[in-house]
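Subject: Structure handover

Hello,

I am passing on the structure below, with notes on what was found in it. Please read the notes with the structure open beside them.

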Amino acid sequence: MKLSCIIVEDIQIAADFLRKFCEKSDLVEVKGHFLNVADALDFLDQEKVDMLFLDVEMPGANGFELLDRLTYSPMIILTTSKTEYAFNAFQYHVDDYLKKPFTFKRFQEAIQKLQQKVAVPQTPANTTPTPAPTPAATTDTDFLFIKAEDKLIKLKKDDILFLESMRDYVKFVTPAKNYITYSTLKNMEEKLIDPNFLKVHRSYIVNINKIDDIRGNTIYLLGNQIPIGKGHKDEVAARLNIL
Amino acid sequence: MQNIRTGFVFDESLNAAFLAELFEGDTIYAETVFEDFLRDIPVYWERVETAYNNKNLPVLGTSVHTCKTLFGYVGFTDLQELCQQFENKCSVNTVEELRLDYLLLIQRKERAQHIIEKEYYRLRQFNGSNG
């Protein structure tokens with residue numbers, strides 16, 4: 001199933017290459033090309049897409065400012081010719097980073113990685129949060145095993161504060177120790193069928209029993225601060241019974 | 001990129017290995033990209049000149065950044081690197097301190113533009129005779 005996308009890029013040659021690569025791969029449908037952040041945001045207010053090819057340096061606002069103003073969480077591939085933005089890309093939890101000019105082979109690798117992250121790509125990006133699985137669907141165990149530190153580690157679910165996505169890895173945070181396992185958050189979300197765990201951001205799943213308090217758009221758990229993603233606010237409010 | 005043609009050899013000052021991977025033998029598309037480069041570089045370079053003359057270092061940096069990308073797409077990966085160095089210097093040096101680097105950049109840009117003009121016409125000829 002094709003991923004829908006827009007291209008946000010002010011250099012025509014770069015945008016043309018992207019469009020050509022998308023057509024050649026037959027995995028991505030380009031819904032539009034925008035030369036600046038303002039026009040892209042106007043489009044995204046009307047139509048949501050699965051992913052963005054996003055340049056950083058553009059006239060007016062830059063790509064990170066677009067990410068700040070997004071009201072939902074599409075997948076992001078950052079395209080730039082500056083390697084210094086790689087750190088910002090990680091902070092913004094972008095899905096991949098393509099340094100211009102990039103070849104079709106590199107483009108294909110990035111798209112295939114996104115395809116693996118999309119479990120059921122039937123429709124364009126979800127506009128409503130995925131409802132939590134019902135208790136009847138849960139695996140009734142109070143622990144799970146993760147592969148970390150060259151062994152299978154048994155974790156009590158009740159010990160887990162939250163999970164954090166780190167690109168191709170997931171960090172399990174417990175009061176005693178953190179564990180990093182080679183997996184995607186999406187994969188963990190599918191395996192961790194438990195009503196006590198709630199995805200609150202594209203990069204975080206929290207144990208709702210461990211929440212101390214919520215201030216604004218931030219969840220506090222034992223000194224850790226977890227952002228609530230814009231696309232997850234409604235579900236968080238519903239699940240936590242926020243009045 | 002369906003138009004696969006063998007036999008076209010790019011000028012030695014270009015990164016031929018990179019262009020081979022980028023265009024995958026599609027000299028028709030290469031011709032289009034080179035044409036677009038020749039159309040766009042004067043526009044973007046004018047911004048570089050204006051920013052330098054106005055001593056506007058932030059705009060100078062971002063304008064060179066844009067040209068850097070264009071040079072990359074036509075195989076001038078070494079000029080791309082030179083632009084990156086200049087761009088980095090824009091955030092730490094004064095315009096006066098950048099003068100020699102700027103003059104070198106102009107020289108390299110002129111040479112690059114001349115080479116791409118030549119390559120563009122060679123590509124047109126090659127594609128025309130192989131079409």
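This is a predicted model. I start with a helix pair in chain B. The axes of helix H2 (residues 27-53) of chain B and helix H3 (residues 57-73) of chain B cross at roughly 165° and come within 9 Å. Angles over 145 degrees count as roughly antiparallel, and H2(B) and H3(B) are therefore roughly antiparallel to each other. The crossing of H2(B) past H3(B) is left-handed.

On the H2(B) side, the residues that meet H3(B) include Phe37(B), Ile41(B), Tyr44(B), Trp45(B) and Val48(B). Among their counterparts in H3(B) are Leu60(B), Val64(B), Cys67(B) and Leu70(B). Sorted by class, this contact of H2(B) with H3(B) has 14 nonpolar residues, two polar and two charged.

Now to chain A. Its five strands form an open sheet in the order S2-S1-S3-S4-S5, with parallel pairing. Strand S2 (28-34) and strand S5 (96-99) of chain A are the edge strands, each pairing on one side only. From one strand to the next, the twist averages 20°.

Within this sheet, strand S1 (residues 3-8) and strand S3 (residues 51-55) of chain A are joined by four bridges in the parallel sense. One residue to look up is Ile7(A), whose bridge partner in S3(A) is Phe53(A).

Helix H1 (residues 12-25) of chain A packs on the sheet, where it touches S1, S2, S3 and strand S4 (75-80) of chain A. The direction of H1 makes about 165° with that of S2(A).

Regards

How values were computed
Residues are numbered from 1 along each chain as its sequence is written. Chains are lettered from A and ligands numbered from 1 in the order in which they are written. This is a predicted model: local features need pLDDT of at least 70, side-chain atom pairs count only at pLDDT 80 or more; totals for chains, interfaces and linings use all residues. Axes are lines fitted to C-alpha atoms, for helices over the stretch in contact, and angles run from 0 to 180 degrees between N-to-C directions. Helices (H or I, at least four residues) and strands (E, at least two) are DSSP runs, numbered from the N terminus. Angles under 35 degrees count as roughly parallel, over 145 as roughly antiparallel, 65 to 115 as roughly perpendicular and the rest as oblique. A crossing is left-handed if the near helix is turned anticlockwise from the far one by less than a right angle, and right-handed if clockwise. Two residues are in contact if their C-beta atoms, placed from the backbone, lie within 7 Å. Ala, Val, Leu, Ile, Met, Phe, Trp, Tyr, Cys and Pro count as nonpolar, Asp, Glu, Lys and Arg as charged, and the others, Gly among them, as polar. Two strands pair if DSSP finds at least two bridges between them.
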